[in-house]
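Here is a short walk through a protein model, written for someone who likes to know which side chains meet. Have the sequence and the 3D view open as you read.

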Amino acid sequence: MTTSASTAATHEGEEHAGNLAGRLNWLRAGVLGANDGIVSVAAIVVGVAGASTSTGAIATAGAAGLVGGAISMALGEYVSVSSQRDSQNALIEKERRELRDDPDAELAELTQLYRDQGLSEETAAAVAEELTKRDALKAHLAAELGIDEDEVVSPWHAAAASAAAFTIGAILPLLAMLLPPASIRIPVTFVAVLLALALTGAVGARIGGGSKARATLRVVVGGAAALAATFVIGMLLHTGGVA
């Protein structure tokens, strides 16, 4: 039985550098955005519910937290990824300029990089020359910097993903607080939030290849602490006559 070169070159289900880098970038923005949306809005509505039984006040605070948080997450992600993109573009331009000004020195540098990885002088030179003929810039970016010109991160994509993930996460505690009867809205919200956090922790660990148990425990314990703290503060304010 014969197999094609492309099939033989890879293993089914195995991650490679380009796909993995992009996937982890989206995972980071998505999981962090969802977790922040769940915890922050849940903490707001639980805190307000601890101080007041007014559905209007709870809904207003929750909606404000959702909108403000989504915008904040998007702006933060945009600024962060924009800085990363600017750095990548600057490195790419620097490498392009060096290849234009002194191609022989760059070829020698690429050869040395492959020698440092354990290749013989002859093999390293042959690999460097062949890759340089095919795409010199791509070869140098991969060997020297570990980046791909075609995979420079997009700040707009990261910002949109972060805002969307935050919004999706924030809607859950808001609905969990507003839909049930007032007598059970707080315990229902606690349960819904902790279950949602457990799910996002497990999904994040599965995609990233980490421990599901540790990831789930981290987000659930952190979320429970945040909810408990804000509820106690709300109760204290209510008791003190602030509400």
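## Salt bridges

The structure holds 6 salt bridges, each defined as a side-chain nitrogen of Lys or Arg within 4 Å of a carboxyl oxygen of Asp or Glu. Side chains of opposite charge can pair when their charged atoms come close. The model is a predicted one, in which local features need pLDDT of at least 70 and side-chain atom pairs count only at pLDDT 80 or more, while totals for chains, interfaces and linings use all residues. Residues are numbered from 1 along each chain as its sequence is written, and side-chain values use heavy atoms, with hydrogens and water left out.

One of the bridges joins E93 and R96, whose closest N and O atoms are 3.1 Å apart. The two sit 3 residues apart in helix 3, so about one helical turn separates them; helices here are DSSP runs (H or I, at least four residues; strands are E, at least two), numbered from the N terminus. E93 is partly exposed at 35% relative accessibility, and R96 is partly exposed at 31%. In these terms, buried means under 20% relative accessible area, exposed over 50%, and partly exposed in between (1.4 Å probe, protein chains only).

In helix 5 (residues 121-145), E130 and R134 are 4 residues apart, again about one helical turn. Their side chains meet in a salt bridge at 3.9 Å, N to O, and R134 is exposed at 66% relative accessibility. R115 and E121 form another bridge, at 2.7 Å from N to O. R115 is partly exposed at 38%, as is E121 at 37%.

## Overall fold

The protein chain has 8 helices and 0 strands. Of its 243 residues, 32% are buried. Among contacts (heavy atoms within 4.5 Å) between residues at least 6 apart in sequence, 72% join residues at least 24 apart.

A182 lies in the loop between helix 6 (155-178) and helix 7 (185-208), and is exposed at 52% relative accessibility.

## Nonpolar cores

Which residues touch the most other members of the largest nonpolar core? They are V41, V45, F166, M177 and V193, out of 20 residues in that core. Helix 2 (17-51), helix 3, helix 6, helix 7 and helix 8 (212-239) each supply at least two of its residues, and helix 2 gives the largest share, 6 residues. A nonpolar core is a set of buried Ala, Val, Leu, Ile, Met, Phe, Trp, Tyr and Cys residues joined through side-chain atoms within 4.5 Å.

Leaving aside residues up to four places away in sequence, M177 touches V45, V46, A49, I58, R185, I186 and T189. Apart from this core lies another, of 6 residues, including I92, L137, L141 and I147.

## Surface

The protein chain exposes about 13800 Å², 64% of it supplied by carbon and sulfur atoms; accessible areas come from the Shrake-Rupley method with a 1.4 Å probe, and for residues only the protein chains shown count as cover.

V67, I71 and L75 form a nonpolar surface patch with about 280 Å² of accessible area together. Patches are made of residues with over 30% relative accessible area and no salt bridge, with like charges joined within 9 Å and nonpolar side chains (Val, Leu, Ile, Met, Phe, Trp, Tyr) within 5 Å. V67 is found in helix 3 (residues 55-101) and is partly exposed, at 47% relative accessible area.
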